[in-house]
Amino acid sequence: MTPRAWAGLTLVALVLLLVAATALLVPWHRPPAPRADQLSALDELDPAEVARGRAFAAALRPGGYGALAVGLVIALLLGLTPLGAKLIALVGRPFGDNWIAQAVLGGLAVVLVADLVTLPFAAWRHAVVARYGLSTQGWGGWTVDLLKSYAVSAVIGAVALLGFYTVTRLAPRWWWAFGAAGAAVLVTLLSFILPVLVEPIFNRFTPMEPGPLRTELMTLADADGVPVKDVLVADASRRTRAVNAYVSGFGPTRRIVVYDTLLREAPPAEVASVVAHELGHAKDRDVLTGTLTGALGAAAAVVALYLLGSSAALLRAAGVDSVAEPRAFPLLLALVTVAGLVATPAQAWVSRQVEARADAHALALTGDPGSFEAMQRRLSSVNLADPDPPRWEYLFRASHPSTVERMAAARAYARGAGG
């Protein structure tokens with residue numbers, strides 16, 4: 001069999017494994033959230049806050065979808081014309097067209113161009129968030145965070161680019177196999193490393209002071225069978241008024257992280273409700289599920305890129321001879337961008353299923369649907385969420401059930417529990 005035939009079989013196997021993992025590990029059934037309860041919950045929310053949340057979403061929408069459209073156009077322009085290949089050649093020329101310079105510096109240059117073109121939309125978003133009072137960060141702090149993000153992405157990107165194009169040179173006929181394995185390993189490593197190494201770059205974490213709330217959260221985790229090392233408070237208030245909490249890390253590095261804004265805005269019972277939701281993710285190993293499906297998806301993507309990249313029409317459009325050469329990176333980026341856009345609704349659906357399961361876990365763990373519903377009201381109000389977003393937008397990109405869905409689920413739980 002030829003390498004291309006092996007690649008085809010490998011792609012089929014990876015897709016089947018991805019489908020099987022999704023079928024077995026992703027919850028298919030969501031807690032009941034009757035529409036009548038949703039509408040009732042919506043009627044009970046403060047009309048002024050609902051209007052403000054919808055106005056905020058409407059103000060963000062042009063910039064969000066504008067960035068999506070412009071990013072897609074730039075990716076296609078660089079990847080499906082010779083412009084991207086010429087840019088990489090230009091960056092590598094001062095280094096004697098060295099392949100490492102083309103692969104790493106040229107690849108990062110292509111990504112930087114795409115980032116810079118969409119930068120005005122990011123600035124627009126910050127301006128809107130600041131105008132609505134959700135951001136506490138000035139332009140200086142926003143710029144520093146942006147540069148930090150670029151730096152982290154550049155380090156990860158440089159490692160990935162160097163590794164990928166080293167493999168294509170050492171194994172020109174079988175690079176897709178090694179590349180697929182490397183992509184899966186990289187996704188897995190980042191899942192474990194990022195929370196520990198990257199989070200401190202953007203926030204400061206301090207142990208929660210001993211007291212009733214800390215004791216309650218640790219007791220909640222213990223009762224749930226989810227061992228945690230500590231409860232930390234993140235200084236989120238220096239950039240936002242949004243409230244949140246999460247469980248981060250694995251094994252000995254796992255800890256509960258609570259935004260300082262949440263501690264200021266919510267009573268202890270509501271904080272416990274949010275933490276119980278996050279403990280649900282840890283209990284059901286949602287991060288591990290996401291890591292596994294992400295690794296399988298990344299491996300499948302590398303093999304698919306190898307198969308698609310042999311298209312003479314695509315190579316001719318990009319002005320390159322082989323998809324394995326560094327100058328073809330913009331073509332790969334264009335294909336990944338299109339695939340990501342197409343996959344967005346499916347990824348959003350999976351995320352909503354997982355989040356709904358974590359909601360059900362929180363309700364069962366705390367046995368307090370009243371505090372859960374009150375917390376959803378608070379999250380919607382403080383975070384300026386549209387509690388019942390347009391259906392098309394919800395289906396396309398919503399990663400969580402809507403506020404009214406979550407409130408309705410709490411009411412259905414209360415009825416089922418005899419509350």
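A nonpolar surface patch of about 580 Å² is formed by Val-185, Leu-189, Phe-192, Ile-193, Val-196, Leu-197 and Leu-288. Patches consist of residues with over 30% relative accessible area and no salt bridge, like charges being joined within 9 Å and nonpolar side chains (Val, Leu, Ile, Met, Phe, Trp, Tyr) within 5 Å. The structure is a predicted model, in which local features need pLDDT of at least 70 and side-chain atom pairs count only at pLDDT 80 or more, whereas totals for chains, interfaces and linings use all residues. Residues are numbered from 1 along each chain as its sequence is written, and side-chain values use heavy atoms, with hydrogens and water left out.

The greatest contribution to the nonpolar patch comes from helix α7 (residues 175-197), with 6 residues. Helices (H or I, at least four residues) and strands (E, at least two) are DSSP runs, numbered from the N terminus. Leu-197 lies in helix α7 and is exposed, its relative accessible area being 56%. The class limits are under 20% relative accessible area for buried, over 50% for exposed, and in between for partly exposed (1.4 Å probe, protein chains only).

Strand β4 (residues 255-259) has 4 of its 5 residues buried and is therefore largely enclosed by the rest of the structure. Strands are taken as paired if DSSP finds at least two bridges between them. Strand β2 (residues 231-234) runs parallel to β4 and is joined to it by 4 bridges; Val-233 has Val-258 of β4 as its bridge partner. Strand β3 (residues 245-248) is likewise joined to β4 by 4 bridges, but in an antiparallel arrangement, and Val-247 is partnered by Ile-256 of β4. The hairpin of β3 and β4 has 6 residues between the strands, and in this hairpin Gly-249 adopts a positive phi near 90°.

Positive phi values also occur at residues other than glycine. Asp-97, which is not a glycine, has a positive phi of about 55°. Asp-97 is located in the loop between α4 (83-92) and α5 (99-131) and is partly exposed, at 45% relative accessibility. Arg-285, also not a glycine, has a positive phi of about 55°. The loop between α11 (268-283) and α12 (286-308) contains Arg-285, which counts as exposed at 55% relative accessibility.

Notes: Accessible areas come from the Shrake-Rupley method with a 1.4 Å probe; for residues, only the protein chains shown count as cover. A salt bridge is a side-chain nitrogen of Lys or Arg within 4 Å of a carboxyl oxygen of Asp or Glu.
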